Amino acid sequence: MRVERISYLYEEQISDFIDDIQNSFRSDVPKEAMEIRKALSIVRLGAVTEYALSSSENRLEAQISGMQPETVELSFHTMKTACTCNEPNWCIHKMAVVLHLYSQFHSLIDWNHQWQQIDSGQMSLTMPERTPEAWNRSLAKLTAPLSNIDVNENPHIFVHEASLLDEKAASLSPFEWEWKPLFDLFYRLHLLDAGWQYAHHYIEASAGNFSYRHWQIRMWVNEQLAKIQDQANLLGSKHRLFETDVFYTQLKTSVRRFVLQHEGLFEDRFYLYEIFWTSLFKEKATREKELSGLMSENEPDANFFAALFHLLSGDVEALSDMVEQMDDKRIGHWMKLSEKAAELEEYKALSILLSRILPHIEEYYEQLSKHDRSYFIRHFDGLLEDSDFPEEQRESLFMMFGKDGLDTYADFLVEHGRYADWAALMHRYNVSYDSMEMDALKMAALEAPAAVLPLLHNFAMGYIAEKNRHGYRRAVKIFKTMKSCSKRSGKIDFWNRYVDTIRNEHRRLRALSEEMERSNLHL
């Protein structure tokens, strides 16, 4: 019997089972909320299969597929349940079968949302006063379920749970528009704090192995940071109420604790810290106090956040002293500081930071995934160019990067008018004609015509080897470019001999001979 038919026949009993599940589990108890999520996940994965109904006994058997298959039995007469996992109460398998039956004529998303809203009324009662402490207590309780999501759970579940928290937080937000952005900052910090372990694990564990699931979590983190940036910009552009001073004081403490106590995703933590200290807290005395507090911290990343204040104040000497004292190989951290220095156009500071990176660049580069290497090379060379590093030093790095740095090195040679070296580089790595930068080839043909002849010859021979008229036409087009290069470089006799040699070697290729004759290649 089809599952829709079973759901229709026993709709009342299924509703009773659903009510029992809803009354047996609380959304504000992390362990119980996790059981519901797992049951819903089984349904979403389509793991409930092979229904068998004994209508005479009003008994249903259902199979749960997966790594550990289970059999669930529901009695619609006695309203008893059983599962081969031997759990006497509601297990995730029993709940999955009931939820699957329920989903035939109802929305599981709506049911889950309603179940999670049961405690929302109680939640609002935990915020009787408007103080930072009351906000933190309520928001910590609100976002706690997100921190209990297992790192092996599907990212779709994580993102969905986070969206439900957004709806609950909206009901707790103050009514006055002046307070709403400030409340949202508190909420977003708590949300990131609760979801950080999952996000950190998922993003860094899948580094270099990009997937849709990785993209989901990456976008979720980006979305939270963007919302924090928007609210910080809004608050930074308006006058503050006297009553909000204690809230801003609490924010300083909260954001510092967040960025120092969490691990991984340094770029995101640095960006978060930067948002607060460039949008909300711009006073010199306030920044100096925060810098002093960071310098007294024992956390390993504290000095990197302290360096931000030296960049913001343009204190290159203090930054230089800090760099000399920090014997650290976390190149990703130094890169982020370098990017900030370039953004602020603090080129002397940028040079100091890049000097700190260079001794460890090869080790860092080898740890990068193949997917990230080309971008890193171009980005790093751009920083070196901004800081006016010696050209010889920049070029020596290209020797280390090898083929991954081919495009960036090619641009470097063209920018410096070294067209003969550019042609030799293209020839060495056997770059195809179609993938070559045409503007660079045209410039090289004008500035170093003799140097590009061997390169163009290889391209033409490759098209002739295709043994079709389209390939011959492309080869002849390249021959025309070679003709111009030979004329420009004074190699007229060489070129005429070259044309005769090509025609003689391939005299059996009638179509090629026709194309060459039609193009009048002799000088």
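## Second largest pocket

Helices α3 (30–44) and α4 (92–102) each supply at least two residues of the lining of the second largest pocket, and α3 gives the most, with four residues. Helices here are DSSP runs of H or I of at least four residues and strands are runs of E of at least two, numbered from the N terminus. The model is predicted: local features need pLDDT of at least 70 and side-chain atom pairs pLDDT 80 or more, while totals for chains, interfaces and linings use all residues. Residues are numbered from 1 along each chain as its sequence is written, and side-chain values use heavy atoms, without hydrogens and water.

The lining has 19 residues, with Lys38, Ser41, Ile42, Leu45 and Ile92 nearest the centre of the pocket. By class, seven are nonpolar, seven polar and five charged.

Four strands form an open antiparallel sheet in the order β1-β2-β3-β4. Its edge strands are β1 (48–54) and β4 (81–83), each of which pairs on one side only. Strands count as paired if DSSP finds at least two bridges between them. β2 (residues 59–64) and β3 (residues 70–75) pair over six bridges in the antiparallel sense; Gln63 has Thr71 in β3 as its bridge partner.

Helix α4 packs on this sheet and touches β1, β2, β3 and β4, where contact means heavy atoms within 4.5 Å.

## Helices α19 and α21

Ile377, Arg378, Asp381 and Glu385 in α19 meet Asp407, Thr408, Asp411 and Glu415 in α21. The residues of this contact divide into one nonpolar, one polar and six charged.

Terms used:
On a 1 Å grid over the protein atoms alone, a cavity is a set of points where a 1.4 Å probe fits but cannot get out, and a pocket is an open set with protein on both sides within 12 Å along at least five of seven lines; lining residues have an atom within 4 Å of a point. Ala, Val, Leu, Ile, Met, Phe, Trp, Tyr, Cys and Pro count as nonpolar, Asp, Glu, Lys and Arg as charged, and the others, Gly among them, as polar. Axes are lines fitted to C-alpha atoms, for helices over the stretch in contact, and angles run from 0 to 180 degrees between N-to-C directions.
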